[in-house]
Each structure stands twice: as C-alpha cells, then as structure tokens.
Amino acid sequence: MEEQQPKASKFMLNYGLILGLVSVVFGVMLYTQKMHYEMSTPVIVISILLSVAAIFLGINAYKKANGGYLTISEGLKIGVGIALVSAIISLLYQYLLVNFIEPDFMDKALELAKPKAFEQYPSMTEEQWEQSAAMQKNLGWLRYPIGLIFSCVIGLVVGLITGLILKKSKSEY
C-alpha cells in the first residue's frame, strides 16, 4: 500500500499566509515609525531574510510530512507558491496603504526623494524633476506587478537552493 503524499498547496498556502502576515506586520511597524517612504538597505535585507526563512521552513516542513523525501521540483514549486501567496497579501497591504490609509503617500515619498535626486544629479533642473515626478506618479501602478515578479523570483531561487540542499529521492526498490 502506497503512502499518501502530502499536498504541496497546503504548505504553500500556510507558509505563504504566515509570511504575508509577518510582512504586513513589518510594514505596519515601518509605517508607525515613518520609515515606509524610502526602502533603505536594512529594510530590504530584513524583508528578504524573512522570505528566505519562511520558504526554507515551508519546504522543510513539506519534506518532513513526505517521509523525509523531497525533489528539486517540489522545492521549486513550494518556494514559488509561498512567495506568490505572501506577495499577494503584501501587495494588498501596499495598495491599501497608498490609496486609502495614506493617500498622499506618493507626494511625501517624492518630497523626500527630491533632495537626494538633486544631490545625485546636480545638473538636474526643477523642470526635469517635475517631469520625473509626474512620470513616477503615473507609473506608480507598476510597483504591483514588479513586486509580484520580484517575490516569485526570490521564491524560485530560494526554492532551488533549498531543494538542492534538502533533496532526497525515494529508492526505486
């Protein structure tokens, strides 16, 4: 009698929800500290580390539930699934933040970015800045598909690495 193989979707959903909720809590923490306007290197590193940890734990839990066996393709699938679920939750929070919680988010973010832009590009004129700011406002919606793709790529890479590390095939006998 064959053992019942666990459903990968269960692990994707559970660990994706956990990572998504942790990401939202992290985002709310940044919001309360007024650190949500600019993405500094430490914030990005912490976000990526949270993703790596959740994906690794999800793949490892699947391996344990599967009798200690894991293929690379299962690791890839679970990694991308966890990243996708968490990205959807995180992007929903971002959408709510930018459009309802703080509707002037883009204006404040651009206001904070302006001195840095002039420092980085001293030859930039005020007119060029205004054109750049208007374009950024018009293309603000791009952050959602780009965030989704970036998250899935991280899930793919972490899933591949974790799958390679934890890989264990069933014997064919």
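Among contacts (heavy atoms within 4.5 Å) in the protein chain between residues at least 6 apart in sequence, 80% join residues at least 24 apart. The model is predicted: local features need pLDDT of at least 70, side-chain atom pairs count only at pLDDT 80 or more, and totals for chains, interfaces and linings use all residues. Residues are numbered from 1 along each chain as its sequence is written, and side-chain values use heavy atoms, with hydrogens and water left out.

**Overall fold**

- The protein chain has six helices and zero strands, where helices (H or I, at least four residues) and strands (E, at least two) are DSSP runs numbered from the N terminus.
- The radius of gyration, taken over C-alpha atoms, is 20 Å for the protein chain, well over the 16 Å that the globule rule (2.2 Å times the number of residues to the power 0.38) gives for 173 residues, so the chain is more spread out than a compact globule.
- Along the principal axes, the C-alpha atoms fill a box of roughly 75 × 30 × 25 Å.
- Of the 173 residues, 36% are buried (under 20% relative accessible area, 1.4 Å probe, protein chains only).

**Helices H2 and H6**

- The axes of H2 (residues 41-65) and H6 (residues 143-166) come within 9 Å and cross at roughly 45 degrees; axes are lines fitted to C-alpha atoms over the stretch in contact, and angles run from 0 to 180 degrees between N-to-C directions.
- Residues of H2 that meet H6 include Ile48, Val52, Ile55 and Lys63, and their partners in H6 include Phe150, Ile154, Val158 and Leu166.

Note on methods: Buried < 20%, exposed > 50% of the residue type's maximum accessible area, 1.4 Å probe, protein only.
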